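Take a look at the fold below.

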Amino acid sequence: MTIPERRPDDVPTDEARVDEALRLLSGVPVELDVAVKWLSRGSGVYAWWAAPSVLPDLPGLPNENVPSVRLLYLGRATNLRGRILRNHLRRSGSSTLRRTLAGLLVAEGYRTTWTDRVVLVPEDEARLTAWMHTHLRLTWAEDAEPGTIEAALVRRVHPPLNVQGVDPEHLQAAVVAAKNSYNASSRPAEPPRTP
């Protein structure tokens with residue numbers, strides 16, 4: 001048995017993959033209660049959306065299908081379901097999005113503690129998850145190699161909460177300040193001084 005050889009025109013180019021991912025990411029954002037039921041375990045990219053009244057000082061690309069929401073953050077995952085459920089909707093220690101949101105929502109009084117890094121206290125982890133369910137929506141696009149398209153997507157759509165891979169002219173100073181403030185909010189305990 002011979003395996004048919006793949007012709008180069010059968011393999012989508014990176015640009016075609018970026019275009020297809022952007023088409024899917026620009027679809028109708030779904031509420032998180034719905035998204036958690038539909039997310040696959042496949043790899044891909046995802047986008048978080050919110051109304052302009054949520055974090056109103058940050059610009060964001062309006063959704064093509066639902067102009068009343070705008071893009072906040074774009075990420076990639078080797079397991080979309082796991083990344084969203086176990087990280088973004090549960091633990092600040094492993095989610096840049098959660099840490100950034102907590103820093104931006106400082107007026108809400110989110111509290112942190114030090115483990116091996118700065119994390120929200122358990123009550124505030126739950127409170128932030130509830131806030132995300134209330135205010136954020138999600139879209140996603142499966143892709144076998146999301147790392148190769150994420151950077152191109154970030155450069156193309158400039159999500160305001162992204163810092164990595166963002167062109168300097170699109171970097172949001174308020175987001176950088178919020179991340180720094182969050183990271184400085186708890187420090188490891190100082191070792192006792194010996195006389």
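Which residue in β6 is the bridge partner of W49? It is R137. This model is predicted: local features need pLDDT of at least 70, side-chain atom pairs count only at pLDDT 80 or more, and totals for chains, interfaces and linings use all residues. Residues are numbered from 1 along each chain as its sequence is written, and side-chain values use heavy atoms, leaving out hydrogens and water.

Now the whole sheet. It is open, with four antiparallel strands in the order β1-β6-β2-β3. Strands (E, at least two residues) and helices (H or I, at least four) are DSSP runs, numbered from the N terminus. Two strands pair if DSSP finds at least two bridges between them. The edge strands, β1 (30-31) and β3 (70-77), each pair on one side only.

Follow β2, residues 44-50. Seven bridges join β2 to β6, and seven join β2 to β3. A50 stands opposite L136 in β6, and its bridge partner in β3 is R70. In a regular strand the side chains alternate between the two faces of the sheet. In β2, G44, Y46, W48 and A50 point one way, and V45, A47 and W49 the other. All are buried, meaning under 20% relative accessible area with a 1.4 Å probe, protein chains only.

Next, the helices. Helix α3 (residues 80-88) lies across β2, β3 and β6. Its buried residues include L80, I84 and H88. Among the elements covering them are α4 (96-104) and α5; here contact means heavy atoms within 4.5 Å. Helix α5 (residues 122-135) lies across β2 and β6.

How values were computed: Axes fitted to C-alpha atoms, helices over the stretch in contact; angles between N-to-C directions. Buried < 20%, exposed > 50% of the residue type's maximum accessible area, 1.4 Å probe, protein only.
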